[in-house]
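Subject: Structure handover

Hello,

Here is the structure I said I would pass on. Please open it next to this message; my notes follow below it.

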Amino acid sequence: MREQPIIICTRGSELALAQSNFIAAQCREFFPRLRFELKIIKTTGDKMQKASLAGGELPKGLFTKELEVALLKHKADLAVHSLKDLPVDLPAGLVLAATPKRADVRDVLVYRSAKYLAENATRPSADWSPGQSQLRGFKAGMALKDFPKGATIATGSTRRKVQLAAVRPDFKIVEIRGNVPTRLQKVAERTELDATVLALAGLTRLNFKIQPDGTLTGDAVPDGLLATVLGLEVMLPCVGQGAIGVEIRADDERIAKICERLNHFNTFQATTAERAFLRAMGGGCQSPVGAHAEVVGDKIAMRAVSFRDETAKRSELKRPVAEAALLGEQIAAELK
């Protein structure tokens with residue numbers, strides 16, 4: 001009798017599938033004698049794509065709950081998440097067992113190219129969408145400070161909104177929803193939008209690239225978009241950004257052994273500090289806070305910002321690697 005496959009459950013979005021296929025490939029490489037299969041599960045968040053994430057009325061675990069139910073009911077053995085979506089308090093019986101090596105944590109500003117719009121202004125009307133002549137474009141390498149007064153930036157993230165407003169209080173910041181290709185299409189086509197902000201890790205995992213001239217390229221990228229990577233001094237990421245989280249049943253020793261091979265120690269420690277910070281702040285993935293931890297030698301360094309009181313409070317500290325969770329809690333205590 002053939003051995004039962006080990007089931008890896010995931011959401012069905014392009015990014016979720018890219019991440020879970022990466023995990024499945026790692027599992028098959030490390031354990032070639034075992035069978036691993038993907039199981040796609042639709043989550044509450046997938047069914048609520050038109051809702052605002054910033055209103056506070058949406059439940060925690062928006063993109064994770066149904067995957068966790070599958071684990072608890074033994075309908076799956078591993079759940080693969082964008083770690084930023086995984087609540088810091090997990091259901092009883094489940095644990096975060098692995099975080100593979102983290103991707104770049106920074107955010108990216110995406111906007112239209114003035115050069116591209118100028119070059120295509122004379123295209124026949126049949127090849128040019130209605131309203132394209134009203135689109136506003138910009139030069140390559142735009143920083144936030146370079147945008148005109150009152151520019152409209154689209155984001156559904158509370159964290160990004162408050163940090164954008166801190167740098168440019170004159171910006172008009174509006175909601176945007178949908179997966180990454182959908183958001184890119186909206187920026188390319190909608191005259192009322194000037195730019196959006198996305199995670200560099202997500203773009204990279206979807207095989208999008210920022211070329212040396214600033215052009216954003218990839219199979220699903222509309223023509224004429226540029227991108228600028230935002231430095232951490234301008235935009236701190238959300239907790240867990242750029243990291244993949246692998247969640248399993250706490251008592252499943254066999255799957256835990258598999259996760260030991262998937263885990264990247266420094267990433268796990270860094271995200272442990274960040275998640276301890278968020279837990280101590282009492283927030284979820286839509287809290288107005290940003291944080292980034294990094295292992296440097298035998299220390300773990302972390303910086304964080306909170307806009308809980310509408311003004312920015314910042315902190316930066318180091319502790320021994322073994323005290324990752326304590327570091328997060330210490331910084332939270334300073335920023336509360």
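Ile331 is in contact with Phe277, Met302, Ala304, Ser315 and Leu317, if neighbours within four places in sequence are left aside. Please keep in mind that this is a predicted model.

Ile331 also belongs to the largest nonpolar core, which has 21 residues. Along with Phe277, Ile300, Met302 and Ala304, Ile331 touches the most other members of that core. Two or more residues come from each of α9 (265-281), β13 (289-296), β14 (299-306) and α10 (324-335). Another core, of 16 residues, lies apart from this one, and Ile23, Ala24, Phe36 and Leu262 are among its members. As background, nonpolar side chains in soluble globular proteins tend to be buried together.

Next, helix α1. Helix α1 covers residues 14-30, 17 residues in total, and spans 24 Å from its first C-alpha to its last, close to the 24 Å expected at 1.5 Å a residue. Which residues of α1 are buried? They are Ala16, Gln19, Ser20, Ile23, Ala24 and Cys27. These residues lie on the same side of α1, because the arc they cover around the axis is only 135°. What they pack against is a set of six elements listed here: β1 (6-10), β2 (36-40), β3 (78-82), α7 (200-205), β12 (244-249) and α8 (253-262).

Strand β2 contains Glu37. Glu37 counts as partly exposed, because its relative accessibility is 34%. Its C-alpha atom is separated by 7.5 Å from that of Ala24, which is 13 residues away along the chain. Beyond four places in sequence, Glu37 is in contact with Pro5, Ile6, Ile7, Ile8 and Arg28.

Then the aromatic rings. The count comes to 4 aromatic pairs. One of them is Tyr111 with Phe138, an edge-to-face pair at 6.4 Å centre to centre with 75° between the planes. This pair links distant parts of the chain, 27 residues apart: Tyr111 is in strand β5 (residues 107-112), and Phe138 is in the loop between α4 (114-119) and β6 (152-154). Both Tyr111 and Phe138 are buried. Phe138 also pairs with Phe147, this time in a tilted arrangement, 4.8 Å centre to centre and 55° between the planes. Phe147 is buried as well. Ring pairs join Tyr111, Phe138, Phe147 and Phe171 into a cluster.

Last, Arg261. Its charged end sits over the ring of Phe30, 4.3 Å from the centre, and also over the ring of Phe31, 6.0 Å from the centre.

Regards

Conventions: Residues numbered from 1 in each chain as written. Predicted model: local features only at pLDDT ≥ 70, side-chain atom pairs only at ≥ 80, totals over all residues. Heavy atoms only, no water. Helix = DSSP H or I, 4+ residues; strand = E, 2+ residues; numbered from the N terminus. Expected span 1.5 Å × (residues − 1). Buried < 20%, exposed > 50% of the residue type's maximum accessible area, 1.4 Å probe, protein only. Arc of directions from axis to C-beta. Contact = heavy atoms within 4.5 Å. Core = buried A, V, L, I, M, F, W, Y, C linked by side-chain atoms within 4.5 Å. Phe/Tyr/Trp six-rings, centres within 6.5 Å; stacked < 30°, edge-to-face > 60°. Lys NZ or Arg CZ within 6 Å of the ring centre and 35° of its normal.
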